[in-house]
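Hi everyone, thanks for making time for this. I'd like to walk you through one model, a few spots at a go. Have a look at it on the screen.

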Amino acid sequence: MLNFCRLEVHVKAYCGEAPDDTRDFGRIVKLTKGLNVIIGDNTKGKTSIASCFYYVLGMEELMSPKRGVDSLDRCLKDNFRWFDSTTSKEKTWFVESSYVEAEITNGLGERILLHRDIKNDAINVNKISISCWKNGKWEHPHEYFLHSR
């Protein structure tokens, strides 16, 4: 049986009011064997997290089977609004690059890491990188091409 252990979403964005203000945003979701429930108020990212699971597996068409309709939320590849507690203002941030990673284990305790870019001008987003955990580190990443719309 395969188990998700962890899902990480990373977003590098710059502030529309100050393009030199670049920050890293993201979320790490740690999961355990069995049922995991993600709860939260509306517009807090539950659907974005769910779509990242599909996306990192190359199955995003399950979220949006219509041709030309994007399954990933704009906050992962376009822009989002975020309340900055240091200035007490809500600001618009524009995504420069983003990716998602998922760690999966099998019944034998073997671990793999899936990495897929969401937005990155230099890399083809239809590629997935798969690494194996060996000798205390992630080794031998292999890249595979996924479907293309």
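Let's start with Thr43, which counts as exposed because its relative accessibility is 78%; the cut-offs are under 20% relative accessible area for buried, over 50% for exposed, and partly exposed in between, with a 1.4 Å probe and protein chains only. Thr43 also has a positive phi of about 60 degrees, although it is not a glycine. You'll find Thr43 in the loop between S2 and H1. Those labels are DSSP runs numbered from the N terminus, with helices being H or I of at least four residues and strands being E of at least two.

A word on the source: this is a predicted model, where local features need pLDDT of at least 70 and side-chain atom pairs count only at pLDDT 80 or more, while totals for chains, interfaces and linings use all residues. Residues are numbered from 1 along each chain as its sequence is written, and side-chain values use heavy atoms, with hydrogens and water left out.

Asn135 also has a positive phi without being a glycine, near 55 degrees. Asn135 sits in the loop between strand S6 (127–134) and strand S7 (137–145), and is exposed, with a relative accessible area of 74%.

Which residues are closest to the centre of the largest pocket? The space in the largest pocket is about 960 Å³, and of its 28 lining residues, Thr43, Lys44, Gly45, Ser48 and Cys75 are closest to the centre. So Thr43 is back again, this time as one of those closest residues, and it is still the residue that counts as exposed. The volume is the space filled by probe spheres set on the points, which are joined across faces, edges and corners.

Strand S1 (3–15), strand S2 (22–30), H1 and S3 each give two or more residues to that lining, and H1 has the largest share, with 6 residues.

S1 and S2 also pair with each other, antiparallel over 9 bridges; pairing takes at least two DSSP bridges. A hairpin of 6 residues joins S1 to S2, and Leu7 stands opposite Val29 in S2.

On to the rings. There are 7 aromatic pairs, where rings of Phe, Tyr and Trp (its six-membered ring) pair if their centres lie within 6.5 Å, with planes under 30 degrees apart counted as stacked, over 60 as edge-to-face and the rest as tilted. Phe25 and Trp82 are edge-to-face because their planes are at 75 degrees, with the ring centres 5.0 Å apart. Phe25 lies in strand S2 and Trp82 in strand S3, so this pair ties together parts that are 57 residues apart in sequence. Phe25 counts as buried at 16% relative accessibility, whereas Trp82 is partly exposed at 32%. Ring pairs link Phe25, Phe80, Trp82 and Trp93 into a cluster.

Last, two charges over rings. The charged end of Arg111 sits over the ring of Trp133, 4.1 Å from its centre, and that of Arg116 over the ring of Tyr55, at 3.7 Å. The rule asks for NZ of Lys or CZ of Arg within 6 Å of the ring centre and within 35 degrees of the ring normal.

Key: On a 1 Å grid over the protein atoms alone, a cavity is a set of points where a 1.4 Å probe fits but cannot get out, and a pocket is an open set with protein on both sides within 12 Å along at least five of seven lines; lining residues have an atom within 4 Å of a point.
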